[in-house]
Amino acid sequence: MKHLPAYYTFWHILGHYGLRWFAFAVLLFLMLPILVIVPLSFNAEPYFSFTPGMVSFDLDAYSLRWYADVFSDERWMLAVKNSFIVGIAAAVIATILGTVAAVGLSNPAMPFKRLITAFLLSPMIVPLIIVAAGMFFFYTRFNLVGTYFGLIIAHASLGVPFVIITVTATLAGFDRSLYYAGLSMGARPLKVYWDIVIPLIRPGVISGALFAFVTSFDEVVLVLFLAGPEQRTIPRQMFSGLREQISPSILAVATMLILISMSMLVTLEMLRRRSERMRSGAY
Amino acid sequence: MTDIPLTAADRRSARSELGRRRMTAFLFVAPLLLFLLFTFAAPIGTMLVRGFYHPTVSTLIPDSLKALKAWDRTGLPPAETQAIFAADLKRLADERLSGKMAEELNRVVPGSSSLVKSTARKIARAEDSEIAASGAALLAAADEKWTDPEVWRGIITSGNTFTADYFLTAMDLERSPAGGIMPRDGARIYVDLFIKTLKMALIITIATLILGYPLAHYLATAPAKTANLLMVFVLLPFWTSLLVRTTAWIALLQTNGVVNSFLMGAGITRSPFEMLYTEFSTIVAMTHILLPFMILPLYSVMKGIDPSYMRAALSMGARPLPAFFRVYLPMTLPGLSAGALLVFIISVGYYITPALVGGTKGQMISNIIAFHMQQSNNWELAAALGTMLLVVILLLYWVYDRFVGAGNIKFG
């Protein structure tokens with residue numbers, strides 16, 4: 001137990017412990033949905049609530065039937081496939097275009113930097129319903145509604161801001177003299193970018209790509225407006241499930257999605273540490 | 001150091017070198033700019049135009065509208081003009097477009113939907129020559145409403161290609177017969193919904209602030225090991241799918257859900273509370289979803305604050321609250337304004353959570369836009385409402401960019 005400073009009065013001490021308890025309560029509030037959803041997905045009954053058997057830890061009250069349901073349901077399997085196809089394609093487009101643009105933006109000679117940055121980041125701010133309505137009007141003209149291509153470019157534009165933010169942040173710690181050193185040794189600029197700049201900013205690029213992927217993977221409003229039945233994604237399937245017939249198979253899907261986000265979080269944390277080590281010159 | 005005068009040639013070459021560098025930097029950004037212009041900016045532009053530009057009727061009945069232009073708008077249009085309209089109506093009935101026309105006219109002249117549909121059915125049976133000869137009589141025989149000049153003026157209004165009417169509707173206004181602008185009869189719908197949306201966004205922002213500020217402070221001052229561990233509990237929900245979290249709130253808040261079972265089990269209440277599908281459930285779920293957007297910027301600012309300032313204030317005998325308000329709070333303002341603005345901006349335009357847990361009372365402006373897009377098919381009104389929402393958002397974004405800098409948004 002850490003000792004509190006001697007000048008602390010009763011109110012200081014109360015504040016100190018009060019703050020701690022309040023912080024833990026808020027953390028509980030944050031984690032509550034996850035804590036509830038995981039056990040409920042093993043419910044043997046078709047309800048969204050704990051049965052008396054579950055509360056008394058009766059093993060018969062738990063089952064894997066909703067997981068079996070999900071894996072035997074063609075619609076869910078199609079949704080999983082679609083989510084990965086669209087998410088990966090959108091992330092690749094957003095990452096390539098976003099990384100190149102971030103390199104340009106961090107160039108001190110970049111004109112209209114502030115305005116262009118604000119524009120490139122705006123897909124993150126404009127309400128999705130507005131984007132969805134506009135894309136529906138515009139993409140219809142090019143017959144892009146109800147196609148994979150339409151959905152992929154729509155999601156790619158949503159992922160762009162995240163790539164810009166993460167790559168720009170990594171580039172801010174990038175020592176430009178390395179670039180000039182490469183040039184002075186006679187390498188052509190593209191070779192310097194490829195051999196020196198890209199490897200150094202790779203952690204930022206990968207976390208940007210992950211952000212872009214998750215943005216698409218989690219997105220449902222654009223899917224509601226732009227996708228046909230063939231392009232249903234996981235969130236779209238969950239959305240209609242929640243609106244029409246609520247079945248615990250949604251909870252099973254949700255639990256698996258939580259596992260995916262956990263692994264994303266771990267990957268990102270590892271990338272962040274790696275990037276910090278690189279910046280401090282440990283390599 | 002003495003100034004070395006530059007020759008004109010030096011200046012030229014410096015300028016061209018600078019220009020070349022600016023060009024190189026711009027070329028890196030250009031592909032993404034082009035991409036976003038097509039995939040993102042042009043669609044939004046289309047939506048903005050859609051609120052004003054309304055070509056449907058002028059493509060449905062072009063001949064009638066041309067003929068009606070010559071009419072002085074008093075009394076009834078000339079019989080030939082009416083005959084041209086009757087011919088248009090027959091063509092629409094043949095092409096199965098009379099329903100579309102009925103819908104369009106009904107927005108201008110309420111109650112005229114069945115008038116158009118039934119007349120189109122009757123006219124469709126008549127011969128072309130008969131329509132050309134006595135179209136006006138046929139119309140009057142089909143329905144006596146066609147002898148009302150108001151309907152004909154309505155056709156002209158619905159045929160305007162450019163119109164501000166949808167914006168008037170979106171602001172709960174309408175044109176008076178005299179040509180002025182007046183409040184629409186009946187309840188204010190959209191203005192009230194805008195106010196309610198802003199109010200809910202404000203409540204959510206304040207709630208995230210009240211919950212997030214102390215937690216961010218605790219995390220920023222805790223030992224690094226504890227803080228890193230506890231940060232996982234902030235980041236994991238942040239990374240968890242939006243729909244997963246919304247699903248969880250449905251499970252928690254429904255009538256026989258977890259919260260009600262707990263309250264009844266603890267003897268706090270005998271009958272369950274109706275919490276789901278209300279404004280309350282929308283606010284709780286959105287506060288939960290947006291809380292990390294408040295905590296993360298606050299945390300990163302608070303981490304940079306030297307604790308010795310507060311320690312100094314306290315050790316010199318300042319009472320905790322004044323010390324907090326005069327020393328600590330001002331230093332956290334950058335993170336506070338960043339988090340609050342971000343939460344407010346995101347919640348004003350939120351759609352999914354209100355749609356799923358809001359019921360009828362917890363709906364926000366985005367939901368009514370989606371309703372006009374998907375159910376009532378009034379795309380022009382949806383576009384007008386969307387434009388107004390976009391103006392609000394862009395104003396807030398401009399404030400955010402000025403005070404925080406759009407490039408300073410950080411995650412994790």
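These legends walk through a predicted model, one view at a time. Residues are numbered from 1 along each chain as its sequence is written, and chains are lettered from A, with ligands numbered from 1, in the order in which they are written. In this predicted model, local features need pLDDT of at least 70 and side-chain atom pairs count only at pLDDT 80 or more, while totals for chains, interfaces and linings use all residues.

**View 1. The helices of chain A.** Chain A has twelve helices and zero strands; helices (H or I, at least four residues) and strands (E, at least two) are DSSP runs, numbered from the N terminus.

**View 2. The two domains of chain A.** Look for domain 1 at 10–61 and domain 2 at 73–246, with bounds from an automatic or database domain assignment. Their C-alpha centres lie 35 Å apart.

**View 3. The side of chain A that touches chain B.** Here 75 residues from chain A meet 73 residues from chain B; a contact means C-beta atoms, placed from the backbone, within 7 Å. H1(A) gives the largest share of chain A's side, 18 residues. That side of chain A holds 62 nonpolar, eleven polar and two charged residues. Ala, Val, Leu, Ile, Met, Phe, Trp, Tyr, Cys and Pro count as nonpolar, Asp, Glu, Lys and Arg as charged, and the others, Gly among them, as polar.

**View 4. Inside chain A.** Of the 283 residues in chain A, 45% are buried, that is, with 20 or more other C-beta atoms, placed from the backbone, within 10 Å of their own.

Technical notes
Two residues are in contact if their C-beta atoms, placed from the backbone, lie within 7 Å. A residue is buried if 20 or more other C-beta atoms lie within 10 Å of its own, exposed if 12 or fewer, and partly exposed in between; C-beta atoms are placed from the backbone.
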